[in-house]
Amino acid sequence: MANMIPLGVPLDRAGSISTLDSLDFARYSDDGNRETDERVAVLEFELRKAKETIQALRANLTQAAENEVPLQERKNYKSSPEIQEPIRPLEKRALNFLVNEFLLKNSYKLTSITFSDENHDQDFELWDDVGLNIPKPPDLLQLYRDFGNHHVTARDVVDVSVGVEDDELEAATPILGSVPVFETTPQSIEQCLIVQKLEDQISVLNSEKWSLMEQIQRLESEIDFLKNENFAVSTVYGVAPHPSLKQVPLTVSEDNGRYLDIKSSENDNKHGNAEETSLSLSAEVDSRNSKDDTLNSVPCKETEKLSSCAPSTKAAVHFDKPNRKLSPAFHQALLSFCRMSADSRLGSEVSRIADSEKSVMLMLGRCLPHIVPNVLLAKREELIPLILCTACLHPEPKERDQLLHILFNLIKRPDDEQRQMILTGCVAFARHVGPTRVEAELLPQCWEQINHKYPERRLLVAESCGALAPYLPKEIRSSLVLSMLQQMLMEDKADLVREAVIKSLGIIMGYIDDPDKYQQGFELLLSALGDPSERVVSATHQVFLPAYAAWTTELGNLQFHLIPTLLNKIEKLLREGEHGLDEHKLHMYLSALQSLIPSLFALVLQNAPFTSKAKLQGEVPQIEVTRFPRPVSPLQDVAIIVGSREQLAVLLQLYDYQLEHEGTTGWETLLWVVNQLLPQLIEIVGKINVASTACVHEFSRFFWRLCRTFGKIFTNAKVKPQFQEILRLSEENIDSTAGNGVLTKATVPIYATGVLTCYIQEEDRKLLVGFLEDVMTMLSLSHAPLDSLKASFVELGANPAYHELLLTVLWYGVVHTSALVRCTAARMFELTLRGMSEALVDKRVAPALVTLSSDPEFSVRIATIPAFGTIMETVTQREASFLEDPQYQDQHSLHTEIIKTFGRVGPNAEPRFRDEFVIPHLHKLALVNNQQSVDSKRLDIATHLFEAYSALSCCFISEDLMVNHFLPGLKCLRTDMEHLSPEHEVILSSMIKECEQKVENKTVQEPQGSMSIAASLVSEDTKTKFLNKMGQLTTSGAMLANVFQRKK
């Protein structure tokens, strides 16, 4: 093996260590100052080299300890030669060196370069880089030739450069007879000897380490002597040392866990040796750690030796007095030229060196308040570890308070990353010192900054309350901290701060265990839900509400207080909102109920009859990805609430089986949902104003999440039957007032869009289509308002996935035998066309509208006009026929519907359609209305014309169109209003005057008849688009020959 030390070969001496004996000081004898400076620099350099050597030695020891093969593995390697022991780091480095040497000797230079690059952490030019005191073996060729011929004898090996006692070697080195022999073959004996030599090497390395540490002590004593020799008198008379010494930094390694204690005293013996120094090495012992990291890697015997060499009292350091006869006054005057300052605060700190852990903490406590203000703001977080360690270990409470005050005021406006770093430090501090000191020392810092002028500081306070919650006494969590967060939630104006408060409140709710605080938590929840900031409300749903729901579940209040209270508040809102519902509060309460659905379902699973049977054994069934709605927060994930996804999978399997085969008998939690919650919800739904699109949408989403969470079996068996019982869709209810009353309420759209759309299999879609067809038929035949059907179409039409389904329902109405149903279908087309693709409009809507526009019933034809207005691209010729056909000229209702449609779609229509169709026909209708003899009809048409012209007046109208159609139409309308509505006549006169001024201004700016280049380009572009659209039409029939396609 490469790292085995051949017996009889002495270990090389470490070349990096020199002693005072090797230094030649004679050449500086004529220059005392230069001599001292040079010696200090050389000694400090050698001290650094010695410390680096110790570091390398420690690394070797650690590797040797880590790679020591356990006894059982050794037996395996010895009993089974084919099993090769893993290579050790030292072996690898030695082999790498030999391989590289072989490559160079045999002219494999490129291979050697590549090999060196791949082992960049090794110096192949120096064998000592392989390890300390490792003799260089022969090259590979010689090793190969001598293979099988070498013989190892069991002789003790001692490195002559290291002082090792005989008894130590005997104690640390096992004799050959003590090595167990498993086989009597020469191979097994050789392996035993190898193990023995490796253990010998560890012992020798340990001895080498302590020898080097003694040399370090001697070198440090030398440095101490040289420094004190230069300012010996300054110690007595208070004069500072030579400035040149300030430029030589003293590097003291912290990893050996010791402090340097230097004390000066006069030596009565004038002929004392300059090297008579003693160094006090006191091990730094942390009261909270059971073992010292440095001593862990040292054998027990050496550890005891180190402990014995550390004296209990520090010996004084003696300095030689010069054999001179100068008077003390002369010495004092001479040393006065050394510029030192021990009178200032900093000078006093510099002149004292800490000699214990306590004195270090005291020094840091004094110095840090002066250091922090002089550090750049962007780099002050680098001081956090130092401040925290000092605050943890400082003995004085007042100083600890000052340090923690510095920590919270370290950065004027800490950003997110800096706050995270401070919070990490606070949590580490809390873990270290315990709940009592956290309450006494950290919380006051938070309280002081609760009203700080900078929001970043208040944000730090809010975040600290949550981060420190697990480490506070439980009484403080539910009293002081809760009160602080409540105050900030009520008073702070910054959204970010209140958002952090809500998240911290959520954490507090996860640790609070005082039932008396339940009501206070509920009030905080309502305040958070009603916050004007969306950020705060979102944080409430993500963190605070789920955490509060978990606590409520433990107290048994979820189904008996929290959910019923929110439902009662919704009912109260609906009772008080007959003349104006507060939709914001309704959304607030309903969204809270929606966020509680996962907690409610988890409670149903945990209280089920089969819960005791839910055991994780065997193969766990997989949960479908779409089984549950996507949670807005991990805290609303049912799997996390239950415990794990595997546990949830087992519970779901038992849940579905129970519902399908055994029912809900004895299942109190689910019975409460079926018998109390669902009926109350359906009753509330019936009280909602069906015209309120927002309310319908909110309840629709609530029922959708409820049904998806509780599953398809529950929805089909428990939810749908209750709705169907309320709606009672049957032919005998057509003339029933009660039945029709329910069909006109919001129950219809919420059932259609919230329950019937939960699942999208073919049977579910058929059920939805059949329900909508029945509702349309029954409402039409009973002449009931269509608001509930319209709300259903609007809600479903917002999702393109349901456009085909809605057109299927409408086609059922188009071909229905009753004119009332066909008329309803015609009116519903207007609602479905918004957002519908051109392909569907062209292939399915246009043919249906053409069919309805040719209906024998005049009311059906009129009902198609709004739909034609919505799809203006397909309505031009159709509406033109309505206006120009003589049979429609006296139809007042038709004209009214057309004018209203023009006023609605005109401002958003294609400019060409508006200019060539809408405005000219409005002019014609205004002229016709001047001839109307019935004043009531004339006023009705004039009022609708006024609204249409008002809407179109904000559009860009060309000069020709303004002169030829728009202004003449306005003047005709003014003629009507002069006789019928003078107040409208004033407004019309103002509009006419404004339009005439625009025409005059344009005439002055641009010659008559000229057209700008931009206008001509727009005109050409519009013409091209129009002709392209005309060429793309696929709808057959003469009536649609000139129809405009709707633009996306």
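User: What is the handedness of the crossing of α32 and α33?

Analyst: The crossing of α32 and α33 is left-handed, a term for a near helix turned anticlockwise from the far one by less than a right angle. This is a predicted model, in which local features need pLDDT of at least 70 and side-chain atom pairs count only at pLDDT 80 or more, while totals for chains, interfaces and linings use all residues. Residues are numbered from 1 along each chain as its sequence is written, and side-chain values use heavy atoms, with hydrogens and water left out.

User: Why are α32 and α33 called roughly antiparallel?

Analyst: Their axes cross at roughly 150° and come within 10 Å. Angles over 145 degrees count as roughly antiparallel, under 35 as roughly parallel, 65 to 115 as roughly perpendicular and the rest as oblique, so α32 and α33 are roughly antiparallel. In the contact (heavy atoms within 4.5 Å), Leu-772, Val-775, Met-776 and Leu-779 of α32 face Ser-788, Leu-789, Ser-792 and Leu-796 of α33. These residues divide into 6 nonpolar, 2 polar and no charged.

User: What makes α29 roughly parallel to α32?

Analyst: Helix α29 (residues 712-727) packs on α32 (residues 762-781) at an angle of about 10°, with the axes 15 Å apart. The angle falls in the roughly parallel range, so α29 is roughly parallel to α32. Lys-712, Lys-720 and Leu-727 of α29 meet Glu-763, Asp-764, Leu-767 and Phe-771 of α32; by class, this contact has 3 nonpolar, no polar and 4 charged residues.

User: How do you know that His-783 is exposed?

Analyst: The relative accessible area of His-783 is 62%. Exposed means over 50%, buried under 20% and partly exposed in between (1.4 Å probe, protein chains only), so His-783 is exposed. His-783 is in the loop between α32 and α33 and has a positive phi of about 55°, although it is not a glycine. Most residues other than glycine have a negative phi.

User: Is Ser-107 buried or exposed?

Analyst: Ser-107 has a relative accessible area of 60% and is therefore exposed. Its phi is positive too, about 65°, and its place is in the loop between α3 and α4.

User: What makes a set of residues a nonpolar core, and how many residues has the largest?

Analyst: A core joins buried Ala, Val, Leu, Ile, Met, Phe, Trp, Tyr and Cys residues through side-chain atoms within 4.5 Å. The largest has 180 residues, and those with the most contacts inside it include Phe-714 and Leu-772. Helix α24 (residues 583-606) gives the most to this core, with 14 residues.

Definitions and conventions: Axes are lines fitted to C-alpha atoms, for helices over the stretch in contact, and angles run from 0 to 180 degrees between N-to-C directions. Helices (H or I, at least four residues) and strands (E, at least two) are DSSP runs, numbered from the N terminus. Ala, Val, Leu, Ile, Met, Phe, Trp, Tyr, Cys and Pro count as nonpolar, Asp, Glu, Lys and Arg as charged, and the others, Gly among them, as polar.
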